[in-house]
Amino acid sequence: MIEFNRAAPGFAPMFLDAGASWPVAYWLLLPFFGLLALIATGPLFFPKFWTRWYASIAVGLGLLMLGYYGFVRHDWHTTVETLAEYTSFVVLLTALYVTGGTMYLNINLEATPRRNVLLLLAGAMLASVIGTTGASLVLIRPFIRLNDQRAKPYQIVFFIFLVSNAGGLLTPLGDPPLFIGYLRGVPFFWTAWHLLLPWLVATGALLLLFWLKDRRNPYPSRLSRNERRRERQEKGLPLYDFNGAQNLPWLLLVLVSVFLDPARVSWVPALHVFGLHLSFVREMLQLVAAWGCYRTADRKALGANHFTFEPMHEVAFLFFGIFLTMMPALQTAAAVASKPSVAGNLTPTALYWLTGSLSAFLDNAPTYASFLSLSMASHHLNINQDTDVQAFALSYLTMPLLRAISSGAVLFGAFTYIGNGPNFLVRSIAEKEGVPMPSFFGYIVRYAIPYLLPVLLLIGWLLTLW
């Protein structure tokens, strides 16, 4: 069967060579899919009940799975790894949420389709510099404010497509799957060179689709915009207001701390539990940055951003249940993918769609790591060896496989609210700002399928030619 090992604590599990392990019973998948069903239907069909009990349900299902793995299966290795991964996920998300939410940016212009496109493009570029989560939390409120009373659900959805996902393709800092590859030995600038075309096609196509749709959204006439411009000039208002420059060092500390992985940096202390080397210095620095940023934040900026911890609470509770109930789902997917009938047909196209499809509903970081490990094993390479990973990334024969895995893991993360960490957080912030966001299935049916899926098909077709 399949043996799991999260090689980069806080980021990703991966299956290795066959070893002594226990088979995954399919009934163990029920808590995971049950929780997904409740996330999808609860806010729509029984909102009062869901609002009151969602935290208890998610935590209860997570603890149920934790107890089963630990006390029935005695698999504390997987359980502790999952808890470590969840802790790192929530701590990083909290640090970025605080640093992004304590910065106030307001653009004193009337929204137009062109300006919206330019802001989304800037966000997509920023996502590869400070990560999709950082860029999303810095820009989501300014994007909503720019559109003022005309903010529509489709605008937030395209923001998720572009800033929270596709924009992160260009550097390992952009998205967790790519960062795992970098930690494993993929050269830092490999993504900028080999994923540039998917980034250009995905962002260009999505921006074009957004512009065509945004043109139909009522905007002020040019005369009205000129009047507002004269009014702004008469009042002496600047082109933009920015409050929060004093918190930029805290954001920098959060980004730098991501590299302090004890699995890769030998001098970083680690907790040794069940044979694991678990990170804690990175998480402590991120919490210190979040605390320092919040304490030094301008209260007016917090008020203008309507800053509360409620969206972060919702994400933390729900993803506690998702991470723990997802354990058997990840193992089942890995077991199926490792079968000779499947592993022998892992072409770039197959890897793109397999990695992508699983990344849409499971965590895209472990999905990336799992298929990277399987693909390398099929070429007699070891994912635990930096030189093997570098050779896999640079070889003319295997490089298309890594390109397909990377593109699928990042781009398909936008297909559902749970495909990537910032998706759900952006949705929660938008709802707090008064934008009526679609339900879980509404997001997929009304937006992901008609707008995102054609772009994913286009990228898949390009990978077959490239």
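Modeller: A residue is called buried at under 20% relative accessible area, exposed at over 50% and partly exposed in between, with a 1.4 Å probe and the protein chains only. This is a predicted model, in which local features need pLDDT of at least 70 and side-chain atom pairs count only at pLDDT 80 or more, while totals for chains, interfaces and linings use all residues. Residues are numbered from 1 along each chain as its sequence is written, and side-chain values use heavy atoms, with hydrogens and water left out.

Biologist: Which residues are in contact with serine 164, leaving aside its neighbours within four places in sequence?

Modeller: Contact means heavy atoms within 4.5 Å. On that basis serine 164 is in contact with Thr132, Ser136, Phe159, Asn420, Pro422, Asn423 and Val426.

Biologist: What makes a set of residues a nonpolar core?

Modeller: Such a core is a set of buried Ala, Val, Leu, Ile, Met, Phe, Trp, Tyr and Cys residues joined through side-chain atoms within 4.5 Å. The largest one has 138 residues, and Ile156 and Phe161 have the most contacts inside it. Helix 4 (residues 113-147) gives this core its largest share, 14 residues. With residues up to four places away in sequence not counted, Phe161 touches Ala166, Leu206, Ala414, Tyr443, Tyr447, Ala448, Tyr451 and Leu452. In soluble globular proteins, nonpolar side chains tend to be buried together.

Biologist: Why is helix 14 described as largely enclosed?

Modeller: Ten of its eleven residues are buried, so helix 14 is largely enclosed by the rest of the structure. Among the buried residues are Met327, Pro328, Leu330 and Ala337.

Biologist: Which residues lie nearest the centre of the second largest cavity?

Modeller: That cavity has a volume of about 60 Å³. Eleven residues line it, and Ala333, Ala334, Leu358, Ser370 and Phe371 lie nearest its centre. Helix 14 (327-337) and helix 17 (364-378) each supply at least two of the lining residues.

Biologist: How many residues of this lining are nonpolar, polar and charged?

Modeller: Ala, Val, Leu, Ile, Met, Phe, Trp, Tyr, Cys and Pro count as nonpolar, Asp, Glu, Lys and Arg as charged, and the others, Gly among them, as polar. The lining of the second largest cavity divides into nine nonpolar, two polar and no charged residues. For the second largest pocket, the division is eight nonpolar, one polar and five charged.

Biologist: How many aromatic pairs does a search of the whole structure find?

Modeller: The search finds 35. Rings of Phe, Tyr and Trp (its six-membered ring) pair if their centres lie within 6.5 Å; planes under 30 degrees apart are stacked, over 60 edge-to-face, and the rest tilted.

Biologist: What makes the pair of tyrosine 86 and phenylalanine 320 stacked, tilted or edge-to-face?

Modeller: The centres are 5.4 Å apart and the planes stand at 80 degrees, so the pair is edge-to-face. Tyrosine 86 belongs to helix 3 (residues 76-101) and phenylalanine 320 to helix 13, so the pair ties together parts 234 residues apart in sequence. Both tyrosine 86 and phenylalanine 320 are buried.

Biologist: What are the values for the pair of phenylalanine 188 and phenylalanine 189?

Modeller: This pair is also edge-to-face, at 5.2 Å centre to centre and 75 degrees between the planes. Phenylalanine 188, at 26% relative accessibility, counts as partly exposed, and phenylalanine 189, at 64%, counts as exposed.

Methods. Helices (H or I, at least four residues) and strands (E, at least two) are DSSP runs, numbered from the N terminus. On a 1 Å grid over the protein atoms alone, a cavity is a set of points where a 1.4 Å probe fits but cannot get out, and a pocket is an open set with protein on both sides within 12 Å along at least five of seven lines; lining residues have an atom within 4 Å of a point. Grid points are joined across faces, edges and corners, and a volume is the space filled by probe spheres set on the points.
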